[in-house]
Amino acid sequence: MKKILLIPFLFFSLAAMGACSADEKTSDPETPDQPAGNSNILVAYFSATGNTQRVAERIAALTGADVYRIEAADPYDADPYDDSDRVQREAYGDLRPGVANLPAAETIARYDTIFVGSPCWWHQPAMVVCTFLEAYDLSGKTIVPFFTYGATTYLNESMQKIYRLTPESKHIPATLPEDLDPDDITTPGRPDDAGIDMPGSVGGVEAWLKRIGI
């Protein structure tokens, strides 16, 4: 829907010319590729350049949650600029790329609360995150999406997508602003992100958790 020129900090969007906010590349991930099963809270995330990873690890440190990094079966390029055509095709086609390290259903069933983190690519969560969500029965679980975000567009669309994929789950926040242009994610639309609370940066995670009651 809404066009954007720059997404700073931890959240990047591949815009109409294939642009995204490129930052330093992540080192070898410290977080495991399978949940440990030591908590009833899970932080599941996909990270391309390390931004979402840092926020995910901070959430886990503050909540005592297990943390799990979603890995694409067909890895994305280290520089998301180089994968903009693929990412656009997946987002606009509502495709479901494979996940290389899907946990067993009984592993996910142990968790009561699941934080779900992703960059925003072409107005949507990374589609590999959608593949993860649809692989499990998440009925009755509390789903908490997080997108670190420095602008005022695309966020509602990304949140709405995750809520639609988990209709039998509880959500934080419980409701979202009205999606003013729900039928077209490919053209500029009206701003409708106001009131959606996000951490904004690693340093904002603790206050954000308090605001959402966790």
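1. Start with Tyr-45: this residue stands opposite Arg-69 in strand E2. Strands E1 and E2 (residues 66-69) pair in the parallel sense over 4 bridges, where pairing requires that DSSP finds at least two bridges between the strands. Going from E1 to E2, the chain passes through H1, and this β-α-β crossover is right-handed. That label applies if, with the strands pointing away from the viewer, the path from the first strand over the helix to the second runs clockwise.

2. Ground rules, briefly. This is a predicted model, with local features needing pLDDT of at least 70 and side-chain atom pairs counted only at pLDDT 80 or more, while totals for chains, interfaces and linings use all residues. Numbering runs from 1 along each chain as its sequence is written, and side-chain values use heavy atoms, with hydrogens and water left out.

3. On the overall layout, the chain has 6 helices and 7 strands; these are DSSP runs numbered from the N terminus (helices H or I, at least four residues; strands E, at least two). From the N terminus on, the order is β-α-β-α-α-β-β-β-α-β-α-β-α. Of the 214 residues, 54% count as buried, meaning under 20% relative accessible area, with exposed being over 50% and partly exposed in between (1.4 Å probe, protein chains only).

4. Back to E1, which is mostly covered: 5 of its 5 residues are buried. Ile-41, Val-43 and Tyr-45 point one way, Leu-42 and Ala-44 the other. E1 also pairs in the parallel sense with strand E3 (residues 113-117), over 5 bridges. There, Leu-42 has Ile-114 as its bridge partner.

5. Ile-114 is worth a click. Leaving aside residues up to four places away in sequence, Ile-114 touches Leu-42, Ala-44, Ile-108, Leu-138, Lys-141, Thr-142, Ile-143 and Val-144; contact here is heavy atoms within 4.5 Å. Across the chain, among contacts between residues at least 6 apart in sequence, 77% join residues at least 24 apart.

6. Now the core. The largest nonpolar core holds 52 residues, and those touching the most other members are Val-43, Phe-46, Ile-59, Ile-114, Phe-115, Val-128 and Phe-146. H4 supplies the largest share of this core, 6 residues. Such a core is a set of buried Ala, Val, Leu, Ile, Met, Phe, Trp, Tyr and Cys residues joined through side-chain atoms within 4.5 Å. Helix H4 (residues 127-134) is itself mostly covered, with 7 of its 8 residues buried.

7. Aromatics next: a search of the whole structure turns up 7 pairs. Rings of Phe, Tyr and Trp (its six-membered ring) pair if their centres lie within 6.5 Å; planes under 30 degrees apart count as stacked, over 60 as edge-to-face and the rest as tilted. Phe-46 and Trp-121 have ring centres 5.4 Å apart and planes at 80 degrees, so they are edge-to-face. Phe-46 and Trp-121 sit 75 residues apart in the chain, and both are buried.

8. Tyr-92 and Trp-122 also form an edge-to-face pair, 5.4 Å centre to centre with 75 degrees between the planes. Tyr-92 lies in helix H2 (residues 84-92) and Trp-122 in the loop between E4 and strand E5 (124-125), so the pair ties together parts 30 residues apart in sequence. Tyr-92 counts as partly exposed at 30% relative accessibility, whereas Trp-122 is buried at 3%.

9. Arg-86 lies over the face of Tyr-76, at 3.8 Å from the ring centre. The criterion is NZ of Lys or CZ of Arg within 6 Å of the ring centre and within 35 degrees of the ring normal.
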